[in-house]
Amino acid sequence: MFESFTASAERTLRRAGRLARRRGAAVVDPLDLLAGLSAESESRAAELLVEFGIETDRLWAELDPEVLDLLAEFQETELEPDGQSGAEGPEALPLSSELRMVLNEATMHARGFDRKREVGTEH
């Protein structure tokens, strides 16, 4: 499903899945994605959050302290020594219907003018 996503978008989705799993959720939801996007500090999504007046520090202050600890841990352990992203685990959590709708909308937005365009964090 994510073969048309940029590396940054894939990394963000993995982070969202890991966050949902660690907080004991049954599915990955849009708030997990938002937390993952805000942690991708050099992404276009982070730039857009700031551009639209959503300060990352303020957003993080509103998140549960456990979420903040997990995001900090993910930033430290995101890459393995060989440079490959860490595995999420044997089975990824399913995406909520709301998150699937968000990802479908992002895909339609990315491909509105160019059907071959990859889906990035800005979408």
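This is a predicted model: local features need pLDDT of at least 70, side-chain atom pairs count only at pLDDT 80 or more; totals for chains, interfaces and linings use all residues.
Leu-31 is exposed, with a relative accessible area of 63%. The residue sits in helix 2.

Start with the overall plan. The chain holds six helices and zero strands. Read along the sequence, the pattern is α-α-α-α-α-α. The chain has 123 residues, and 37% of them count as buried. Now take the contacts between residues with a separation of 6 or more. Of these, 65% join residues 24 or more positions apart.

Turn next to helix 1. The helix has 16 residues. From its first C-alpha to its last it reaches 22 Å, close to the 22 Å expected at 1.5 Å a residue. Several of its residues are buried. They are Ser-8, Ala-9, Thr-12, Leu-13, Arg-15, Ala-16, Gly-17, Arg-18, Leu-19 and Ala-20. An α-helix has 3.6 residues a turn, so residues three or four places apart point the same way. After helix 1 comes Gly-24. The phi of Gly-24 is positive, near 85 degrees.

The loop between helix 1 and helix 2 also holds Ala-26. Is Ala-26 buried or exposed? At 61% relative accessibility, Ala-26 counts as exposed, because the cut-off for exposed is over 50%. Leaving out residues up to four places away in sequence, Ala-26 touches Leu-93 and Pro-94. Pro-94 is 68 residues from Ala-26 along the chain. Their C-alpha atoms are separated by 7.5 Å.

On the helix 1 side, the contact is made by Thr-12, Leu-13, Arg-15, Ala-16, Leu-19 and Ala-20. On the helix 2 side, Asp-32, Leu-33, Ala-35, Gly-36, Leu-37 and Ala-39 take part.

One is Leu-19, found in helix 1. Leu-19 has a relative accessible area of 2%, so it is buried, the cut-off being under 20%. Leu-19 and Ala-35 are 16 residues apart in sequence. In space they are 8.5 Å apart, C-alpha to C-alpha.

The other is Asp-32, which lies in helix 2. Asp-32 is buried too, with a relative accessible area of 2%. What does Asp-32 touch, not counting residues up to four places away in sequence? Its partners are Ala-16, Leu-19, Ala-20, Arg-23 and Val-27. Leu-31 is exposed at 63%, whereas Asp-32 is buried at 2%.

Next comes the largest nonpolar core. This core has 17 residues. Which of them touch the most other members? They are Phe-5, Val-28, Leu-33, Leu-99 and Leu-103. Helix 1 (7-22), helix 2 (30-39) and helix 6 (97-110) each supply at least two residues of the core. Leu-33 also belongs to the contact between helix 1 and helix 2.

Leaving aside neighbours within four places in sequence, Phe-5 is in contact with Glu-10, Leu-13, Leu-103, Thr-107, Glu-118 and Val-119. Leu-13 is one of the buried residues of helix 1. Leu-103, like Phe-5, is among the core residues that touch the most other members.

The last stop is Arg-117, in the segment after helix 6. Arg-117 is partly exposed, with a relative accessible area of 40%. Along the chain, 112 residues separate Arg-117 and Phe-5. Their C-alpha atoms are separated by 8.9 Å. Leaving aside neighbours within four places in sequence, Arg-117 is in contact with Ala-110, Arg-111, Glu-122 and His-123.

Notes
Residues are numbered from 1 along each chain as its sequence is written. Side-chain values use heavy atoms; hydrogens and water are left out. A nonpolar core is a set of buried Ala, Val, Leu, Ile, Met, Phe, Trp, Tyr and Cys residues joined through side-chain atoms within 4.5 Å. Buried means under 20% relative accessible area, exposed over 50%, partly exposed in between (1.4 Å probe, protein chains only). Helices (H or I, at least four residues) and strands (E, at least two) are DSSP runs, numbered from the N terminus. Contact means heavy atoms within 4.5 Å. The expected span of a helix is 1.5 Å times one less than its number of residues.
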